[in-house]
Amino acid sequence: MKSMEKFMSYFTDDNNPSTWYKKGKSFYTQGKLQEAQNCVDKALKIDPSFSKAQELVRLIHKRNLVRELVEAGRQDHFEMSKEFIKQVDEDFFSALKTEAAYLRLKGNARAADWLENEAVRNLNLMKMMFG
């Protein structure tokens, strides 16, 4: 019985950084980025070296960048800077795909299509120009 209690505390112990990481990951998957950020902040407050939480912070940041693209609507309304292009990497494209899937689930296929097609094409062009 003790081992089961220890196992369950892994998911419910507020003093365990893994608890906050798992909650944050769940919020991230649901597209609730602010809630995800709050949870990983708590995980990192408990254990600043927790690498999974650090990686989730990076993914949240990249996905927020993707959302900025979506909110801009069209590439001619989105001013990409060299600083933005420096942040485009594998994590960014992973966040882009995740956000497109999230938008599709929410019934916004048009925005998802735009992300999957135009954004990737234009980001690659910008990366070649500034890279």
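Predicted model: local features only at pLDDT ≥ 70, side-chain atom pairs only at ≥ 80, totals over all residues.
Welcome! Residues are numbered from 1 along each chain as its sequence is written, and side-chain values use heavy atoms, with hydrogens and water left out.

**The overall plan**

- The protein has 7 helices and 0 strands; helices (H or I, at least four residues) and strands (E, at least two) are DSSP runs, numbered from the N terminus.
- Along the sequence, this gives the pattern α-α-α-α-α-α-α.
- Of the 131 residues in the protein, 38% are buried (buried means under 20% relative accessible area, exposed over 50%, partly exposed in between, with a 1.4 Å probe and protein chains only).

**Around Arg63**

- The charged end of Arg63 also sits over the ring of Tyr102, at 5.4 Å from its centre.
- Arg63 meets Glu99 in a salt bridge between their side chains, at 2.6 Å from N to O; a salt bridge is a side-chain nitrogen of Lys or Arg within 4 Å of a carboxyl oxygen of Asp or Glu.
- Glu99 belongs to helix α6 (residues 90-105) and Arg63 to helix α4 (residues 51-72), so this pair ties together parts that are 36 residues apart in sequence.
- Both Glu99 and Arg63 are buried.

**The other salt bridges**

- The whole structure holds 3 salt bridges.
- One of them joins the side chains of Asp14 and Lys23, at 3.6 Å from N to O.
- Asp14 counts as partly exposed because its relative accessibility is 41%, and Lys23 is partly exposed with a relative accessible area of 32%.
- Another joins the side chains of Asp113 and Arg104, at 2.8 Å from N to O.
- Asp113 has a relative accessible area of 33%, so Asp113 is partly exposed; Arg104, at 36%, is partly exposed as well.

**Helix α2**

- Helix α2 covers residues 17-29, and its 13 residues should span 18 Å at 1.5 Å a residue; the end C-alpha atoms are 18 Å apart, which agrees. The expected span is 1.5 Å times one less than the number of residues in the helix.
- Asn16 caps the N-terminal end of α2, with a side-chain oxygen 2.8 Å from the backbone nitrogen of Ser18.
- After α2 comes Gly31, which has a positive phi, near 85 degrees.
- The buried residues in α2 include Pro17, Trp20, Gly24 and Tyr28.

**An aromatic pair**

- The structure contains 1 aromatic pair; rings of Phe, Tyr and Trp (its six-membered ring) pair if their centres lie within 6.5 Å, and planes under 30 degrees apart count as stacked, over 60 as edge-to-face and the rest as tilted.
- The partners are Tyr21 and Phe50, with ring centres 5.7 Å apart and planes at 80 degrees, so the pair is edge-to-face.
- Tyr21 is in helix α2 and Phe50 in the loop between α3 (33-46) and α4, so to speak of the pair is to speak of a link between distant parts of the chain, 29 residues apart.
- Tyr21 is buried, with a relative accessible area of 14%, and Phe50 counts as buried at 15% relative accessibility.

**Helix α3**

- The 14 residues of α3 should span 20 Å at 1.5 Å a residue, and its end C-alpha atoms are 20 Å apart, which agrees.
- Leu33, Ala36, Gln37, Cys39, Val40, Ala43 and Leu44 are the buried residues of α3.
- Seen down the axis of α3, these buried residues fall within an arc of 165 degrees, so they line one face of the helix; the arc is that of the directions from the helix axis to the C-beta atoms.
- Gln34 and Lys45, on the other side of α3, are exposed.

**Two residues of helix α4**

- Gln54 is in helix α4 and is partly exposed, with a relative accessible area of 37%.
- Gln54 and Ala43 are 11 residues apart along the chain, and their C-alpha atoms are separated by 9.3 Å.
- Lys62 is also found in helix α4, and is buried with a relative accessible area of 8%.
- Between the C-alpha atoms of Lys62 and Ser94, 32 residues apart along the chain, the separation is 8.6 Å.

How values were computed
Polar contact = N/O pair within 3.5 Å; in protein donor to acceptor, adjacent residues only side chain to side chain. Lys NZ or Arg CZ within 6 Å of the ring centre and 35° of its normal.
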